[in-house]
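The following paragraphs are an explanation of the structure shown here, to be read alongside its sequence.

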Amino acid sequence: MERWKKGSIRKGAAAPAPKVVAVLAGLLERAAVRGDADADADADADAHGAGPVATAFRGRTRPEISVRRYAERIYRYAGCSPACFVVAHVYLDRLARRREEEDEEEAPARVDSYSVHRLLITSVMVAAKFMDDIHYNNAYFARVGGVEVAEMNGLELELLFALRFHLNVTPATFATYCAKVEGEVMAAEDIPLPPPLPSPSPSTEEERHEAPRQDDTARRLALIKAAHRIVVQITQ
C-alpha cells in the first residue's frame, strides 16, 4: 500500500459517493490526526525512544492516497451497500473502546496515518460480508485496497480477533449510528438538527445473545423506521 498499486479491478460507476462515505472518511481523518499526536507524545515520554507497538494494520510509511479518496475508491469499486460504511463505523468504534480498556500490549491498533487505510478497507470488507447477501471475495478487496491477498487475509483475521468476533449490530445500535452520521452531515451543511432518536442503551449481552424483549418491540420498530429514513438521506 505504501507504493500505491493499481490492480486490475472492475470499472465502477462514476456517480459521487453517498454522504455516509464522506462522513466516515472525515471521522477517520480526525482520528488519525489525534492518533499521530498521541504516538508522538508516547515517543517523547518513552525514555528508550521505542516506536509505536507494531500491529498488522500499521504500515512502514504513510500511504500517498488520502483517506477521503481511499473511502471513495472503496465505495466505487467494492460494490457494497452504503449501510456497510455505517457498520464499519460501529466496528471501528468498538476497537477504539477496547483500546481504552486494554493494556498497551493487548490493545487493538491505534488509528493513525500509518494504520487508518488498512483499518478502513478491512472493516468495510468484514461489514460487507456481514451485511450484504452478495459481496466480493478477499482477493478483489485486496486489489481495491492496494494490498496483497495474503495481507488482506491476515488483516481480516486480525480485525475479527480484535473485535472478539462481536460482529452483530442490533437495529437499535444501527439507528443510533445512522443518527450520528446524519448529525455530521447536517452540521457540515449548517442545517438545524432534528430531535434525537431515543437512546437504545442495549446491554452487551443483549447485543450478543438475546432476542428483543416483548415490551421493546414497538420501540425497536420505531428505531428501525427512523434509521431507514436517515439512511435514505445520507445515501443520496
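What share of the contacts in the protein with a separation of 6 or more is accounted for by residues 24 or more positions apart? In this predicted model, such residues account for 84% of those contacts.

The secondary structure consists of nine helices and zero strands, so that, by the DSSP runs used to assign elements, the order from the N terminus on reads α-α-α-α-α-α-α-α-α. The protein has 236 residues, of which 45% count as buried.

One helix pair may be considered in detail. Two packed helices are described by the angle between their axes and the distance between the axes. Helix H5, residues 138–145, packs against helix H6, residues 149–162, at an angle of about 105 degrees, and their axes lie 8 Å apart. Because angles of 65 to 115 degrees count as roughly perpendicular, H5 is roughly perpendicular to H6. On the H5 side, the contact is made by Asn138, Ala139, Phe141 and Ala142, and on the H6 side by Val149, Met152, Asn153 and Glu156. By class, the residues of this contact comprise five nonpolar, two polar and one charged.

Attention now turns to empty space. Rolling a probe the size of a water molecule over the atoms shows where such space is left. The largest pocket holds about 540 Å³. It is lined by 21 residues, and those closest to its centre are Ala31, Arg34, Leu92, Ala96 and Val111. Helix H1 (19–45) and helix H3 (83–101) are the elements that each give two or more residues to this lining. Ten of the lining residues are nonpolar, two are polar and nine are charged.

Note on methods: Residues numbered from 1 in each chain as written. Predicted model: local features only at pLDDT ≥ 70, side-chain atom pairs only at ≥ 80, totals over all residues. Heavy atoms only, no water. 1 Å grid on protein atoms, 1.4 Å probe; cavity = no way out; pocket = protein on both sides within 12 Å on 5 of 7 lines; lining within 4 Å. Points joined across faces, edges and corners; volume = space filled by probe spheres on them. Helix = DSSP H or I, 4+ residues; strand = E, 2+ residues; numbered from the N terminus. Nonpolar A, V, L, I, M, F, W, Y, C, P; charged D, E, K, R; others polar. Axes fitted to C-alpha atoms, helices over the stretch in contact; angles between N-to-C directions. Parallel < 35°, antiparallel > 145°, perpendicular 65-115°, else oblique. Contact = heavy atoms within 4.5 Å. Buried < 20%, exposed > 50% of the residue type's maximum accessible area, 1.4 Å probe, protein only.
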